[in-house]
There are 2 protein chains.
Amino acid sequence: MATLADVARRAGVSPATVSRVVSGSDRRVTEELRSRVLRAVEELQYVPNAHAQLLARADRTAVGVLVHDVSDPYFAEITRGLQRVAIEHGRLVIICNSYRDPERELAYVELLRAQQVAAIVLAGSGYHDAAFTKALAGKLRAYERSGGSVAVIGRHELPGHAVMPANEAGAFSIGDEVYRLGHRRVGVIAGPQVLTTTTDRIAGLRRAARAHGRTLPARRIAYGDFGRDSGAEATESLLAAEPDLTAIVALNDSMAIGALAALRALGRAVPGEITVTGFDDMPIAQDVTPALTTVRLPLEDMGARAMTFALDPRATGPRADTIPAALVRRASSGPPPN
Amino acid sequence: MATLADVARRAGVSPATVSRVVSGSDRRVTEELRSRVLRAVEELQYVPNAHAQLLARADRTAVGVLVHDVSDPYFAEITRGLQRVAIEHGRLVIICNSYRDPERELAYVELLRAQQVAAIVLAGSGYHDAAFTKALAGKLRAYERSGGSVAVIGRHELPGHAVMPANEAGAFSIGDEVYRLGHRRVGVIAGPQVLTTTTDRIAGLRRAARAHGRTLPARRIAYGDFGRDSGAEATESLLAAEPDLTAIVALNDSMAIGALAALRALGRAVPGEITVTGFDDMPIAQDVTPALTTVRLPLEDMGARAMTFALDPRATGPRADTIPAALVRRASSGPPPN
DNA sequence: CCGCCTCAGGAATGCGCTTTCCTCGGATAG
DNA sequence: CTATCCGAGGAAAGCGCATTCCTGAGGCGG
């Protein structure tokens with residue numbers, strides 16, 4: 001790997017001159033020397049060592065993004081928004097996947113700090129785990145004290161700027177819709193129980209139930225991992241225990257799609273015999289059959305906002321946005337059969 | 001930001017000792033000093049500067065991944081495989097999105113080199129652009145000469161290890177299937193014309209046509225951007241020009257899903273009146289209605305292979321794998337109406 | 001014609017860390 | 001009791017670059 005010194009030697013100038021030419025300093029360099037340097041750079045295919053540069057001038061330019069899994073459409077959308085804003089600011093984005101492992105999440109925050117990123121954006125649900133949350137919050141605060149900026153999406157328990165999807169309210173609106181349609185026996189297929197997203201959404205559902213004079217018994221909640229296949233499994237187990245459910249409320253679209261598949265395999269008509277609803281309104285929600293009734297979260301926009309917060313230099317105290325969730329009625333919901 | 005020197009001062013030891021404790025050197029340090037150092041690290045929330053470490057010990061640990069767009073399911077799947085292997089090797093992955101902009105692709109390769117990554121994996125179609133290809137190949141070769149390892153997925157024109165999906169053969173098999181079903185008027189909705197993936201797949205289709213004594217006229221090919229919406233648009237324009245097409249062959253699943261949506265809006269039954277096929281077999285292909293007949297590419301596995309190649313230390317010459325594509329018959333295809 | 005100012009180029013320092021090399025005290029052997 | 005060895009801790013060099021400071025040459029005014 002060619003170094004700046006190599007270039008200097010080849011061009012017959014001092015390292016200082018090469019540095020000035022290569023990294024566009026405002027110091028003037030004669031055209032003669034400049035072209036000699038440029039030629040040497042070309043011949044050597046020289047690329048400055050970013051780490052050395054960073055060490056020497058200490059300007060933090062990269063930003064870190066920590067999500068559960070980019071290949072999950074939910075995070076893919078958020079990441080798209082995150083990236084767009086980062087690119088507009090000329091920032092390099094380092095994406096890390098925790099795969100919902102708290103340990104790994106902690107490790108990645110350290111790693112991102114070590115990489116001297118200017119900002120860290122944490123996207124994805126928090127955990128019901130006080131010790132872990134405290135440890136993570138501590139690390140994040142230390143990072144902030146050292147000049148870093150942090151933004152979180154959907155995690156109220158952490159320091160930094162926050163973009164909060166209205167999980168509880170969104171779940172309320174979909175629960176309200178289902179009860180209003182006349183459903184009485186409603187099953188819920190949920191994500192991991194340790195995630196705050198899961199419990200927040202269930203809380204919204206419970207509030208809707210109460211508003212309609214009903215309750216949501218624990219036996220009608222099946223927990224999965226937010227994945228499509230676990231949605232199918234959860235649906236099967238719920239139906240095995242209570243075949244006469246008239247609605248399945250999924251806590252995200254992937255699980256709802258799994259539910260649709262399970263129901264199709266079982267030969268149960270949707271929404272004729274049973275209603276299915278999702279959450280998030282991923283792009284694919286409108287292309288499955290029947291098209292999913294769900295709650296829309298502007299995922300890309302949420303990502304963009306979070307990155308905007310994180311990159312905002314004049315951050316006077318932590319900012320917070322609550323993102324409203326809008327009910328989207330499509331073909332997968334209807335009144336219960338009589 | 002606390003530095004190693006700060007820790008040394010606080011613990012009352014030399015920087016060398018701190019370094020030995022913190023980065024787990026094999027040099028022995030007395031328990032007494034070790035615990036003092038650890039305490040200081042804790043109190044100061046010290047995290048070593050990764051750039052300084054990298055500069056000092058020059059071991060490259062991160063790897064770079066350059067894709068068109070992680071939020072595209074195609075790349076999301078590939079990336080998942082890439083990441084899995086990278087994690088197994090204890091590597092940090094830096095993901096960059098070129099958004100199909102050749103300029104940006106070039107810039108990111110430089111950036112990745114500057115970051116001193118141990119390997120660069122390029123995933124996604126190549127371009128029909130000789131000047132660009134030459135420039136990119138040159139940069140990649142320079143990177144290889146300086147000790148970097150490169151692997152590409154689906155880009156024959158570049159140096160390095162290669163994982164090649166059987167685009168031509170896969171397209172042949174789906175074309176063969178469609179002609180075998182008896183279709184005579186077949187429309188194709190394709191990705192950008194400048195991408196080799198597009199032309200390779202069309203070539204396979206053409207070969208299938210020839211094998212059945214048919215041809216694939218240019219007017220029956222509509223180009224889009226591989227996105228869902230452009231699939232819908234392409235379908236509409238194809239059908240507007242030739243309403244009596246009996247099959248739409250999409251060059252990827254996203255466009256096929258768009259076609260399905262357009263056809264539904266047009267009230268044309270699939271596959272009763274018109275057959276639709278996809279390509280890639282993304283997870284969602286089985287959940288749309290009707291389930292997509294498509295060609296299966298083991299995307300995650302391809303990613304895993306590419307990363308394995310890239311990280312293989314004993315790389316004796318470039319390795320190459322061709323990934324077979326398997327026809328998957330589902331509900332969206334059938335014989336043409338008589 | 002001389003002194004001063006301007007400006008381009010180079011020498012040198014430091015960023016935060018690892019690692020080699022040196023030092024010094026204690027332990028061991030003679 | 002002294003010579004030698006061993007091992008733990010510290011001093012210092014160096015990784016590749018940016019940047020400050022210094023130097024020397026040319027241009028200007030007096």
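How many nonpolar, polar and charged residues does the surface near DNA strand D have? There are 16 nonpolar, nine polar and three charged residues. The legends below describe a predicted model.

**View 1. The surface near DNA strand D.** DNA strand D is surrounded by 28 residues. The closest are A:L4, A:S19, A:S23 and A:A56 from chain A, together with B:T30 from chain B. Chain A gives two or more residues from each of helix 1 (4-11), helix 2 (15-22) and helix 4 (50-57).

**View 2. The surface near DNA strand C.** Around DNA strand C there are 28 residues. Those that come nearest are B:L4, B:S19, B:S23 and B:A56, along with A:T30. Helix 1 (4-11), helix 2 and helix 4 of chain B each supply at least two residues. From chain A, helix 2 and helix 4 each supply at least two. By class, this surface divides into 16 nonpolar, nine polar and three charged residues.

**View 3. The contact between chain A and chain B.** Each side is given by its count: 39 residues from chain A and 39 residues from chain B. On the chain A side, at least two residues come from each of helix 4, helix 5 (73-88), strand 2 (93-97), helix 6 (102-114) and helix 11 (253-266). That side has 21 nonpolar, 12 polar and six charged residues.

**View 4. Chain A laid on chain B.** A turn of 180° and a shift of 0.1 Å along the axis bring chain A onto chain B with an RMSD of 0.1 Å. This is the relation of a two-fold axis. Both copies use the same surface, and 100% of the contact residues of chain A recur in chain B.

**View 5. The fold of chain A.** Chain A has 12 helices and 12 strands. Its radius of gyration is 26 Å, well over the 20 Å that the globule rule gives for 338 residues, so chain A is more spread out than a compact globule. The C-alpha trace of chain A spans about 90 × 35 × 30 Å along its principal axes. Of the 338 residues, 50% count as buried. Among contacts in chain A with a separation of 6 or more, 74% join residues 24 or more positions apart.

**View 6. B:V295 and its surroundings.** B:V295 lies in strand 10 (residues 294-296) of chain B. It counts as buried because it has 30 C-beta neighbours inside 10 Å, where 20 or more is the cut-off. Beyond its neighbours within four places in sequence, B:V295 is in contact with B:G170, B:S173, B:I174, B:F279, B:D281, B:A325, B:A326, B:L327 and B:V328. B:R27 is 268 residues from B:V295 in sequence and 56 Å away in space, C-alpha to C-alpha.

**View 7. Helix 9 of chain B.** This helix covers residues 196-211. At 1.5 Å a residue its 16 residues should span 22 Å, and the end C-alpha atoms are 22 Å apart, which agrees. Its buried residues are B:T197, B:T198, B:D200, B:R201, B:I202, B:G204, B:L205 and B:A208. The buried residues of helix 9 pack against helix 8 (167-180), strand 6 (186-190), strand 7 (221-223) and strand 8 (247-250) of chain B. After helix 9 comes B:G213, with a positive phi near 70°.

Key: Residues numbered from 1 in each chain as written. Chains lettered and ligands numbered in written order. Predicted model: local features only at pLDDT ≥ 70, side-chain atom pairs only at ≥ 80, totals over all residues. Near = placed C-beta within 6 Å. Helix = DSSP H or I, 4+ residues; strand = E, 2+ residues; numbered from the N terminus. Nonpolar A, V, L, I, M, F, W, Y, C, P; charged D, E, K, R; others polar. Contact = placed C-beta atoms within 7 Å. Rg over C-alpha atoms; globule rule 2.2 N^0.38 Å. Buried ≥ 20, exposed ≤ 12 C-beta atoms within 10 Å, placed from the backbone. Least-squares fit on C-alpha atoms with pLDDT ≥ 70 in both. Expected span 1.5 Å × (residues − 1).
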